[in-house]
Amino acid sequence: MRSLSGQTVDLLVIGGGIMGAGIARDAALRGLSVALVEQDDFASGTTSRPTRLIHGGLRYLELFDFALVRSDMREREILLRVAPHLVFALPFLLPLYRPSLWYQAKLRIGMQLYDALSLDKSLPRRRWLDRDETLAAEPSLDPDGLLGAWRFYDAQVPLVERLVIENVVDAADHDALVLNHARATTYLRAGDRVGGAAVHDRIAGTDLEVRARLTVNATGPWLDRTIAPLRKTPKPLLRLTQGIHLVTPRATKQAHVLLAKRDGRLFFVVPWLDATLVGTTDTDYDGDPADVAATEDDVRYLQEEARRAFPNAPFDTVHYTWAGVRALVREEGVSEGEVSRKHALFDHERRDGVAGVLSVVGGKITAYRAIAEEVTDRVTRALGQHARCTTATVPLPGARGEIPTHVHPDPVARLRSVYGSRALEVARLEGNDESLSERLCAEHESSAREVVHAVRDEWAMTLGDVLLRRTMLGLHACQGIECVDAVADRMAALLGSDAQRRRAEIEAYRLEIEPMRRFSIE
Ligand SMILES: Cc1cc2nc3c(=O)[nH]c(=O)nc-3n(C[C@H](O)[C@H](O)[C@H](O)COP(=O)(O)OP(=O)(O)OC[C@H]3O[C@@H](n4cnc5c(N)ncnc54)[C@H](O)[C@@H]3O)c2cc1C
């Protein structure tokens with residue numbers, strides 16, 4: 001087993017979802033030496049399966065989580081500022097049907113609170129739309145019994161995978177060592193102190209030791225499994241719940257928050273890229289997070305509710321689905337939807353008598369920067385350092401320089417919509433090599449340059465990495481199946497793969513998207 005250049009880094013972060021990537025970036029920006037390891041690809045876990053909202057969450061007001069909503073609203077403002085190419089304001093309608101007076105009053109107070117908790121926001125305030133105004137804004141809404149709707153603003157991060165990648169890029173630009181497809185297999189221990197982890201590099205097929213003064217476990221829903229060797233008790237830290245989304249043809253003009261008739265839960269119907277996102281569900285989950293997939297019941301539930309709200313919209317077609325596992329701080333005796341979305345940090349010295357390891361539990365994408373700040377503050381204090389957090393003001397890499405305000409159909413604008421100002425790096429790749437300008441498929445604007453950029457500059461190793469988490473071509477209805485051969489050819493040339501490996505890669509991609517396409521109805 002080889003050691004990582006014989007060095008000891010200040011911080012090893014295990015898990016390359018939004019939390020791990022955010023922590024690695026914050027720590028690297030503060031000048032710490034950092035290693036980040038991810039067992040699969042960056043953003044391949046829960047982070048790529050959310051509703052993609054950057055929001056306080058109206059629902060959490062009902063749970064009286066005012067501090068959480070306030071802090072998430074503050075983070076929403078920060079993300080709109082430091083990642084304006086990835087995080088956008090999004091107006092919502094919350095339609096009311098034959099509401100009781102009590103419900104109307106409750107919602108009015110909720111709306112006032114939502115505004116009051118974000119007084120310093122740049123987004124417009126709430127407004128009540130009467131029935132005619134509501135139907136003019138969204139003609140496909142069911143008019144039967146409609147009183148009107150609240151319009152309020154939140155934000156959306158359509159390409160959340162890119163938010164993770166940009167955090168990783170910035171961490172690496174500040175000298176962090178970042179490894180995907182590299183699984184932490186065991187902790188390196190000296191008595192009651194952890195000093196890093198042994199890591200298996202699944203691509204190279206090699207093992208290495210990453211020695212670290214401190215280790216942060218940011219493995220999301222895998223945490224109970226990955227921390228088990230250090231725990232005194234098998235009592236889980238997490239409550240896992242599954243949530244799914246449907247991706248359908250564009251069905252509504254606006255984003256909506258709706259009440260499900262079947263069980264009174266809130267769910268979203270949101271315009272997303274050139275499609276519509278419907279979600280989500282919330283049911284206890286006890287399997288391996290890697291195996292999570294939508295069930296027929298989940299799909300039927302969301303389809304029925306969406307059809308009920310928009311009787312003539314095209315919800316019969318489902319391009320694909322995705323399912324994710326929420327890692328919530330364990331609470332017993334409450335229903336799935338009532339478990340708080342607050343995060344927690346566990347110092348295993350206090351809990352389990354093992355020094356040198358912190359675990360991050362729970363927390364929304366919306367809060368990732370603040371959580372990373374809190375974790376990194378703890379880390380720097382423990383290391384006796386005093387560098388301050390800068391992530392609330394330092395823009396992400398794609399937000400440095402000129403940023404597009406909206407998306408055009410021309411190729412450079414598409415590049416900008418995915419890579420922000422880093423589009424220029426992609427566009428200028430390899431100067432005059434004409435072949436790099438070739439389109440990858442007839443349907444979508446995309447060129448071979450993006451594949452080269454993903455592999456050379458953003459650690460993409462598999463077709464799934466390139467299609468689903470770098471170029472984002474795999475998020476279209478076709479999921480990149482049209483261009484998979486062209487992308488595989490490019491990757492094989494870049495990675496020196498033979499024909500057999502190329503075929504295996506294509507097969508692996510089909511297997512990766514199979515759970516998403518299991519309920520496709522075209
Ligand atoms: C249905 C649903 C909807 C949601 N909607 C929203 C929303 O709209 N807005 C919002 O703010 N939040 C939302 N969330 C919450 C949000 O998605 C999660 O809180 C967040 O993505 C968690 O990020 P993470 O980095 O902790 O976990 P993950 O993204 O799961 O990352 C953990 C990583 O650890 C890696 N790992 C595991 N074991 C090892 C190991 N041994 N070695 C190396 N790496 C390892 C995994 O491969 C994984 O990539 C939603 C969640 C769900 C499920």
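I began with Val339, which touches Leu63, Arg239, Leu328, Val329, Glu331 and Val334 when residues up to four places away in sequence are not counted, contact meaning heavy atoms within 4.5 Å. I noted that this is a predicted model, in which local features need pLDDT of at least 70 and side-chain atom pairs count only at pLDDT 80 or more, whereas totals for chains, interfaces and linings use all residues. Residues are numbered from 1 along each chain as its sequence is written, and side-chain values use heavy atoms, with hydrogens and water left out.

I placed Val339 in the loop between β16 (320-329) and β17 (344-347), where helices (H or I, at least four residues) and strands (E, at least two) are DSSP runs numbered from the N terminus. With a relative accessible area of 0%, Val339 is buried; buried means under 20% relative accessible area, exposed over 50%, and partly exposed in between, for a 1.4 Å probe and protein chains only. I also looked up its separation from Val13: Val339 and Val13 are 326 residues apart in sequence and 27 Å apart in space, C-alpha to C-alpha.

**Helix α1 and its two partners**

Two packed helices are described by the angle between their axes and the distance between the axes. For helix α1 (residues 18-29) and helix α6 (residues 160-173), I found an angle of about 25° and axes 8 Å apart, the axes being lines fitted to C-alpha atoms, for helices over the stretch in contact, and the angles running from 0 to 180 degrees between N-to-C directions. α1 and α6 are therefore roughly parallel to each other; angles under 35 degrees count as roughly parallel, over 145 as roughly antiparallel, 65 to 115 as roughly perpendicular and the rest as oblique. The crossing of α1 and α6 is left-handed, a term used if the near helix is turned anticlockwise from the far one by less than a right angle, with right-handed used if clockwise.

On the α1 side, this contact is made by Ile18, Ala21, Gly22, Ala24, Arg25, Ala28 and Leu29, and on the α6 side by Leu163, Val164, Asn167, Val168, Asp170 and Ala171. I sorted the residues of the α1 and α6 contact into nine nonpolar, two polar and two charged, where Ala, Val, Leu, Ile, Met, Phe, Trp, Tyr, Cys and Pro count as nonpolar, Asp, Glu, Lys and Arg as charged, and the others, Gly among them, as polar.

I then took α1 against helix α10 (residues 368-382), which pack at an angle of about 55° with their axes 8 Å apart. That angle makes α1 oblique to α10, and the crossing of α1 and α10 is right-handed. Here α1 contributes Ile18, Met19, Gly22, Ile23, Asp26 and Ala27, while α10 contributes Tyr368, Ile371, Ala372, Glu373, Val375 and Thr376. By class, I have eight nonpolar, two polar and two charged residues for the contact of α1 with α10.

**Helices α13 and α15**

Helix α13 (residues 448-457) and helix α15 (residues 484-495) pack at an angle of about 40°, and their axes are 10 Å apart. That makes α13 oblique to α15, and α13 passes α15 in a right-handed crossing. I listed Ala448, Val451, Val452, Val455 and Arg456 of α13 in this contact, together with Val487, Arg490, Met491, Leu494 and Leu495 of α15. The contact of α13 with α15 holds eight nonpolar, no polar and two charged residues.

**Cysteines**

Taking a disulfide as a pair of cysteine sulfur atoms within 2.5 Å, I counted zero disulfides. Cys441 is in no disulfide, since its nearest cysteine sulfur, that of Cys483, is 5.1 Å away, and at 10% relative accessibility Cys441 counts as buried. The sulfur of Cys478 is 6.0 Å from the closest cysteine sulfur, in Cys441, which is too far for a bond; Cys478 is also buried, at a relative accessible area of 19%.

Most residues other than glycine have a negative phi, and most peptide bonds are trans. I noted a cis peptide bond joining Gly279 and Thr280, with omega about 20°, and found Thr280 in the loop between β14 (275-279) and β15 (283-284). Trp459 is not a glycine, yet has a positive phi of about 60°; it sits in the loop between α13 and α14 (463-469) and, at 21% relative accessibility, counts as partly exposed. Met472 also has a positive phi, near 70°, and lies in the loop between α14 and α15, where at 5% relative accessibility Met472 counts as buried.
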